[in-house]
Amino acid sequence: NFLITAVAKDGAYPAAALGKYVLKVHNGVETAHGIVIEAQNEAMSHVRENACWCPSPVPSVQGRLTETTVLPGSDGQLRRHAVRILPYLPARLLSEVSPGPATLSGVGAVIGRVTRAL
């Protein structure tokens with residue numbers, strides 16, 4: 001995964017498109033089973049619409065949620081990889097903080113909403 005920043009260049013992009021994103025390059029196994037990536041896209045979108053913020057893939061310029069590219073593997077062989085762009089939300093891991101009762105209650109509430117949505 002790569003953190004990328006979209007910047008304005010000659011007004012080519014709407015202001016809403018500017019910001020940070022994650023470029024997700026899927027491995028060959030995930031790419032070979034594209035239906036799994038499709039299911040992930042659908043699940044993220046469903047959670048975002050029905051429970052809480054969740055990254056949903058940003059459509060490509062062709063309007064697709066997932067594109068493919070060919071990249072060399074560690075052995076030099078060219079392989080097809082699925083790629084997608086997801087919005088980035090800066091955050092800290094729960095293990096990096098000392099959560100109190102309010103934080104734990106909030107985490108539980110989000111888990112409940114996500115479970116109900118799925």
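**Figure 1. Overall fold of the predicted model.** The protein holds three helices and four strands. The order from the N terminus is β-β-α-α-β-β-α. This is a predicted model, in which local features need pLDDT of at least 70 and side-chain atom pairs count only at pLDDT 80 or more, while totals for chains, interfaces and linings use all residues. Residues are numbered from 1 along each chain as its sequence is written, and side-chain values use heavy atoms, with hydrogens and water left out.

**Figure 2. Dimensions and surface of the protein.** Along the principal axes, the C-alpha atoms fill a box of roughly 50 × 40 × 30 Å. Buried residues make up 18% of the 118. Buried means under 20% relative accessible area, exposed over 50%, and partly exposed in between, with a 1.4 Å probe and protein chains only. Of the contacts between residues at least 6 apart in sequence, 49% join residues at least 24 apart. Contact means heavy atoms within 4.5 Å.

Figure 3. Arg 84 sits in strand 4, residues 78-87. Arg 84 is buried but has no salt bridge. Glu 30 is the nearest side chain of opposite charge, 6.8 Å away. Lys and Arg count as positive, Asp and Glu as negative; His and the chain ends are not counted. The side chain of Arg 84 does make a polar contact of 3.0 Å with that of His 26. A polar contact is a pair of N or O atoms within 3.5 Å; within protein, one must be able to donate a hydrogen and the other to accept it, and residues adjacent in sequence count only if both atoms are side-chain atoms. Leaving out residues up to four places away in sequence, Arg 84 touches several others, among them Val 22, Leu 23, Ile 37, Met 44, Pro 57 and Leu 65.

**Figure 4. The salt bridges.** The whole structure has two salt bridges. Each is a side-chain nitrogen of Lys or Arg within 4 Å of a carboxyl oxygen of Asp or Glu. Arg 64 pairs with Glu 67 at 3.0 Å, N to O. Arg 64 is partly exposed, because its relative accessibility is 42%. Glu 67 has 19%, so it counts as buried. Arg 79 pairs with Asp 75, with the closest N and O atoms 2.9 Å apart. Arg 79 is partly exposed at 35% relative accessibility, as is Asp 75 at 49%.

**Figure 5. The chain end at Leu 118.** Leu 118 lies in the segment after helix 3 (101-117). At 65% relative accessibility, Leu 118 counts as exposed. Beyond neighbours within four places in sequence, Leu 118 is in contact with Ala 43 and Val 47. Val 47 is 71 residues away along the chain, yet the two C-alpha atoms are separated by 7.1 Å.

**Figure 6. Gly 34 and Ala 82.** Gly 34 belongs to helix 2, residues 34-50. Its 33% relative accessibility makes Gly 34 partly exposed. Ala 82 is 48 residues apart from Gly 34 in sequence, and 8.0 Å apart in space, C-alpha to C-alpha.

Definitions and conventions:
Helices (H or I, at least four residues) and strands (E, at least two) are DSSP runs, numbered from the N terminus.
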